[in-house]
Structures are given as C-alpha cells and as structure tokens.
Amino acid sequence: MQESFLSFLGENLQLFLTYTGFYNATPEHLIMLVVGLLFIFLAIRYEFEPMLLIPIGFGILIGNIPFKDAGLQIGIYEEGSVLNILYQGVVQGWYPPLIFLGIGAMTDFSALISNPKLMLIGAAAQFGIFGAYIIALQMGFEPNQAGAIGIIGGADGPTAIFLSSKLAPNLMGAIAVSAYSYMALVPIIQPPFMRLLTTKKERVIRMKPPRVVSSTEKIIFPIVGLLLTCFLVPSGLPLLGMLFFGNLLKESGVTRRLAETARGPLIDTITILLGVTVGASTQATQFLTLNSVKIFGLGALSFVIATCAGILFVKFFNLFLKKGNKINPLIGNSGVSAVPDSARISQLVGLEYDATNYLLMHAMGPNVAGVIGSAVAAGILLGFLV
Amino acid sequence: MIRRKTEVLLLFVLLFIVGAQAQRVTSIRINEVLVINEDNFVDDYGKRSGWIELFNTSAGTVNIQGCFITNDANNPTKYPVPKGDVLTKIPPHQHTLFWADGVASRGTFHLNFELDPDRDNYIALYDSDGKTLVDEIVIPAGQMADVSYGRKVDGLDEWISFEKVTPSTNNLTLDTNEKIDNFRMNDSLGIGMTVTAMAVVFLGLILLFFGFKGIGRVAISASKRRTEKATGIVIQEGDISGEVLAAISSALYELNEDVHDFENTVLTIQKVKRNYSPWSSKIYGLREIPRK
C-alpha cells in the first residue's frame, strides 16, 4: 500500500517535472532570455527608450519561458490564451492607430507649420524604407516581405507593426523588435553619419527662429493634412486619420479632456500592451531564424540610409536657398520619425559645435513630417502589395 | 437654439442611416445560379436541385433574415428568409447558397420555388420591407446542365457561364497575389517601387508644403491687419521684428532694475495725514464704561 502510494507520488513528480521550464528549456530559449535581459539592462542602465525597451524586454522574458505544449492556453500563439487575446491588437493592427491617436494629441506641429519646407526633409528620409526594400529583394525576400522589412527604415514602431501585420505576418515579431530596438539605438546609430556627411561650417549654420503660429493655423493643419494626404493615399487612413484626429483634439481647445486621455492614459495603456505582446511574440521557436538575423541587419541598414538621405537632401536643398535661409544639415537626420529622439540628437550634436545654436525646435519640423511621411509610405506599400 | 439642436440631431440621424446602410442588405448580390443540376452539388438531404448563391460585397456581416427571394416580379415576397437562424448572417465578402427545390419545409436555405430549365428565370432579392429591390437578374433560357451562370468576379457586373461551378466559393479563384506577382516579374530590383513610392511621398508632402505656405501667408497678413487695427500703427515691410522688440524690452527692463538705489526689500513708510478716519474714531476704539 505504502509502496504503491510512493510510486504514485514519484510518477506525479516526474510528470510535474515535464511541465517545468527547466525540463523544456532549449538553447534557443536561453538566447532569447539573454536578449530580453539585455533590453532591460540597456533601458535601465543607459535609459535607451525605457518606455519601449522595458515592456519589450520583459515581454521577451514572458514569451520565452519554456513550457510543455499541453493545450494549457498559456502561449501567445495559442488561440484563446490571455496573451493571444492581447496579441490580437497587434495582429489585427488596432494598437498602432491608437498609438498614433496619442502621438497626434501630444505633438505640436508649430515648427512644421511655421516652416513648411522642412516637410520635404521628412519625405527625403523615407529613402531608408525603399533602400532597404531594394536590398531585401536582392537578398531573396518576396516583394511583400521586402516592403514589410523596409518600413523599419521609417523608424516608426506602430507603422512597422501595422504594415508587417498586413504584408508579412510571419515576420512581424522580428520586424517590430528590430524597429523598436533601432529606435532606441538612434543616439548610437545617427551621430557618426551626421558628422561624416557634414562640414564644420555646415554644422554651425544658424537657422531663422520659427514664427509664432496662430491657433487657427494649428486647427486647420490636421484637417487639411488629413484631406490632402488621405485623398492621395487612402490606404494610410488608419494611421494618418488617427494622427490628425488626435492633433485636432489637442488644438481645438474644446476637447481638452479627450486630448489628455489620448496622450496620457490611453497611449500609456496601449504602449504597455503593445510592448509586452510584441516582446512575447518573439518565442524562440518562431523568432530565432535566419530571416530574423537578416531582418536585423536590414533594419540597421535602413536606419543608416534614412539618416544619410535626410542629411544629403538638406545639403542639396541648401544649394537653392538664399544665404539667410539655409538649413543646418544636422537636422536632416530628424526626417526619420523617431519622435522626438532624432530631433534631440540634432540638438545635441549641434551644441557640440556651437553651444548657443539650439536646433531642437527646427529639428522637430522634419521629425513630425517623418511621421506623416512614413505613414504615407506605409499606405503606398499597402496599396501596391496587398 | 432649439432649431440648432434639431439640425445637429438630424445630421447625426443622417450619418447613422448612411453608416448603417453600408452594412445592410443592399450590399448583397445574386452571384451565381445553377438552373439544371444533374450531376452536381448535393444538398443536406442528398438531393440535387438548382441553386442560387448570394454574395456579401461589404466589409461587414449582413443578416438577410426577413428579406425576400422571388422568381416572380409580380410577387416580390414569394420566399421570406426565416428569422432567428444564425446562418442567415453572411460574413464579409462571403457567400451563402439557397436550394431552388420548391420544398421550403426542408429548412431556411430551401426555397419554395424551382428554376424552370425551359424559359428565362427571373430571380430577385428584396429587402425586408418587400418593396425595396436589392438585386435582380434574368437567367436566359437554354442553360446547360451543370453549367452555372454567374458574375465573372464576385459582386461585379459582368455575367458569364461557368463550366466549373463554384457554389459557396469565389467565382474567380485566386491562388496567387496578382500585385505581388507583377512586382516580382517586372520590378525585381525594386527601382520602380522606389521611384513611384518616393514620388508619391514627396507629392503628398509638397502638397502640404504649398498648402501651409499659403495658409501661413494668409495668417501672417491677417495678424498684421489685426495689429494695425488695434494699435493704429502701420507695419511696414522690414520693420523691427518681434524678437528684436522683445530683446530691447528686456534690456530696458534690466536697466530699469539697476537704477534702484536700495534693495527691493527695504520698506519705505510715508506718513499720511488725515483729519478723520473711522479706524481712529474713539467710539470704536474705547470701551464703554460699564454702568454700576
């Protein structure tokens, strides 16, 4: 009796052991756990985009706890699991437009309105997307996959997730993590190329202070912006519609509560859910592939191309501008839509060469134009490839 | 005020109706019809009969319960689609099939009429009011057995005969993405995509540039006019800018601050002589002597 009870306990313990993470762990799981820990370390130690890297890093830990596939509905790819339900916001593409709503509600487009020519820098930086698209095609990716990978060059996480969920859902995890990682690494990626492509004389160009923009202009901006861009690229509607809607909530002056919710609790909630689920979607079995490595390489390349394209475009543009109206090429990097990090980089690099030359406000112009530009580019890719 | 509220309410009602209309039965199309079924699709009872396929052209689920299907133009309400059956909900861009076997008692999807192989067959779908025609088609007489008559592409206008019938599935079967194939074939380097897409991105932002350049000019001149009206001073081109004025003002302020002989914290008391003040009146300041 006692013997059979002991063997029953032993069998149960053995069975339990097969359910533990220790039993099911593979080297791939451990690699991903290290990646997750690295993200968390970078966020806390160096404060690289902590709002993104902490949720994504922790999400990677959550997604890579090894478990026995016994239909317990715990994995993110198991239909009906809590994580899977939260992940639907990514898969179905409704988190990114909500993030854009918040971005619209917190973005001041004054710099862009006061100096509209800065919009063109935002357009030029989108070369990063299509440069990566061309290279991805040469590396053997299908056109739809290449489009989804290229969008990393827009430096816009929500847009990258939105587009990849439509064009190449199987690559979405790698694309999202790559996009957010490189956005966090903007302070490391961009400055060397900014210094490389500019002369000392160009780096100290002082730009005219932006004029004061009236509230009427600020109200007109989201309405005209929506109509012009979405009539041209209706497929950009989910992102651009929400971006401009959020901005109207902010600028109308009569929907303060809604604007505050959009740029506060709502965007925070969605950022948490998006970050954790994108992180958790990097389950080692799905994520650690050769394609992911290629995507990471292409992502870095697309950021470099976008940065260089923005800077070179400003230098080219300056050839046609009068002496007092020249643009400091150090704001060219801000054409990528990593708001406001890339604008901050313009400011910091600019201050290194002239301690009284503040470029932040000027850089915010191409920065927000980059948001619009990357959403338009995503709309074009969606229209062409879906 | 009441009129304004009514207008706003009407606007909302209108918007609601337009919005609701988009996912109503008006999005349903008669999509494919098989008149003579000899060696073809079999129903749940193992019987062969003609069938009518409906297609939901909208991006939303449409419930066709209460609608009417008929083969008689003079009797639009011939077969009412039963209510309360969840299967009458047609998902977005999906199909549903009705058997024209003349035995409605077999279930929701069995019509109370049959299709006549010897003459033209008029088929129509009416909305639940029995009056609003949603879609109609006349299937020409002389249909061949097991060859259906349907729209070339689901929901579109052109009708053709199908030797390979497609009940409850797409009339045009796509096993590849035409757009992606086109890019793969004609733009393997990605140059075409890059040029086109960048042109569109630039065009979009150039449109915004010109739009806001114009709006900016109007705003500046409006602001100038307002300032001139308020101050009575005509502002000339090349006048001192606001930034310079602000700098001069702050310099003057600083200078003025430096003129002080004493620190701001020194209190100066100036004696004010007044003949009378209620505060110094004796009647408020003295106690009355208590009566003994």
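**A sheet, then a pocket**

Author: Let's start with a pair of strands: in this predicted model, β8 of chain B, residues 121-126, pairs with β9(B) in the antiparallel sense, over 6 bridges. If you want a spot to look at, find Tyr122(B), which sits opposite Val138(B) in β9(B). Now zoom out a bit: these strands belong to an open sheet of 4 strands in chain B, running β5-β4-β8-β9 with antiparallel pairing. At the edges you'll find β5 (79-80) and β9 (133-139) of chain B, each with a pairing on one side only. As background, strands of a sheet pair through backbone hydrogen bonds, either parallel or antiparallel.

Next, hop over to the second largest pocket, with its volume of about 900 Å³. Its lining has 37 residues, and those nearest its centre are Glu49(A), Met106(A), Val339(A), Pro340(A) and Asp341(A). By class, the lining splits into 26 nonpolar, 4 polar and 7 charged residues. Several helices of chain A each supply at least two lining residues, including α11 (157-167) and α21 (360-385). The biggest giver is α17(A), with 5 residues.

Stay with α11(A) and α21(A) for a moment. Their axes are 10 Å apart and the packing angle is about 0°, so the two helices are roughly parallel to each other. On the α11(A) side, the residues that make the contact include Phe162(A) and Leu163(A), while the α21(A) side includes Ala378(A) and Leu382(A). Sorted by class, this helix contact has 8 nonpolar, 2 polar and 1 charged residues.

Terms used:
Residues numbered from 1 in each chain as written. Chains lettered and ligands numbered in written order. Predicted model: local features only at pLDDT ≥ 70, side-chain atom pairs only at ≥ 80, totals over all residues. Heavy atoms only, no water. Pairing = 2+ DSSP bridges. 1 Å grid on protein atoms, 1.4 Å probe; cavity = no way out; pocket = protein on both sides within 12 Å on 5 of 7 lines; lining within 4 Å. Points joined across faces, edges and corners; volume = space filled by probe spheres on them. Nonpolar A, V, L, I, M, F, W, Y, C, P; charged D, E, K, R; others polar. Axes fitted to C-alpha atoms, helices over the stretch in contact; angles between N-to-C directions. Parallel < 35°, antiparallel > 145°, perpendicular 65-115°, else oblique. Contact = heavy atoms within 4.5 Å.
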